[in-house]
Amino acid sequence: MLLIREYSAGVHRYELGLPKGKVDVGESFLEAANREIKRRSRYGANQLHHLSTFPSPRLILEHTTEIIVAQDLYAEKLLGDEPEELEVIRGN
């Protein structure tokens, strides 16, 4: 399991979380998932599996959260838009 330690402005502290991001126009959510883990964790995935979709809260229209499992990871980093290097915590 990969977790990312990054600054959370809402609570003004560093938090651990899963790699995440948004889907760009013309991109599938699986393509977006692989792009975002490359940006945030410095790994890509040879296999992606869609586990579940969570509906949006009532205040955010037309938004869902897709839960994706990335397997068979390989080292690859894409540049992201974070103001600082993210810390990657790799568990078993």
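Where is Val-23 found? I looked, and Val-23 sits in the loop between S2 and helix H1 (29-41). I took helices (H or I, at least four residues) and strands (E, at least two) as DSSP runs, numbered from the N terminus.

**Ground rules.** I am reading a predicted model, where local features need pLDDT of at least 70, side-chain atom pairs count only at pLDDT 80 or more, and totals for chains, interfaces and linings use all residues. Residues are numbered from 1 along each chain as its sequence is written, and side-chain values use heavy atoms, with hydrogens and water left out.

**Overview.** I counted one helix and five strands in the protein chain. Read from the N terminus, the order is β-β-α-β-β-β. I checked burial next, with buried meaning under 20% relative accessible area, exposed over 50%, and partly exposed in between (1.4 Å probe, protein chains only). Of the 92 residues in the protein chain, 18% are buried.

**Strands.** I used the DSSP rule that two strands pair if there are at least two bridges between them. S1 (residues 2-8) pairs with S5 (residues 87-90) in the antiparallel sense, over four bridges. Leu-2 stands opposite Arg-90 in S5. S1 also runs antiparallel to S2 (residues 13-17), joined by five bridges. There I found Tyr-7 with Tyr-14 as its bridge partner in S2. S1 and S2 make a hairpin with four residues between them, and His-12 in the turn has a positive phi of about 55°.

**Helix H1.** I noted 13 residues in H1 and a reach of 17 Å from first C-alpha to last, close to the 18 Å expected at 1.5 Å a residue. That expected span is 1.5 Å times one less than the number of residues. Among the buried residues of H1 are Ala-32, Ala-33, Ile-37 and Lys-38. I saw the buried residues of H1 pack against S1, strand S3 (43-55), strand S4 (64-75) and S5, taking contact as heavy atoms within 4.5 Å. Just after H1, Arg-42 takes a positive phi of about 70°.

**Salt bridges.** My rule was a side-chain nitrogen of Lys or Arg within 4 Å of a carboxyl oxygen of Asp or Glu. By this rule I get ten salt bridges. How far apart are N and O in the bridge between Glu-6 and Lys-20? I read 2.9 Å. This pair links distant parts of the chain, with Glu-6 in strand S1 and Lys-20 in the loop between S2 and H1, 14 residues apart. Glu-6 is buried at 16% relative accessible area, while Lys-20 is partly exposed at 46%.

Arg-35 and Asp-24 meet in another salt bridge, 3.5 Å from N to O. Arg-35 lies in helix H1 and Asp-24 in the loop between S2 and H1, so the pair ties together parts eleven residues apart in sequence. I have Arg-35 as buried at 12% relative accessibility and Asp-24 as partly exposed at 33%.

Val-23 is partly exposed, with a relative accessible area of 41%. With Phe-29 and Leu-30, Val-23 makes a nonpolar surface patch of about 210 Å².

Key. Patch = residues over 30% accessible without salt bridge, like charges linked within 9 Å, V, L, I, M, F, W, Y side chains within 5 Å. Areas by Shrake-Rupley, 256 points an atom, 1.4 Å probe, with all protein chains shown as cover.
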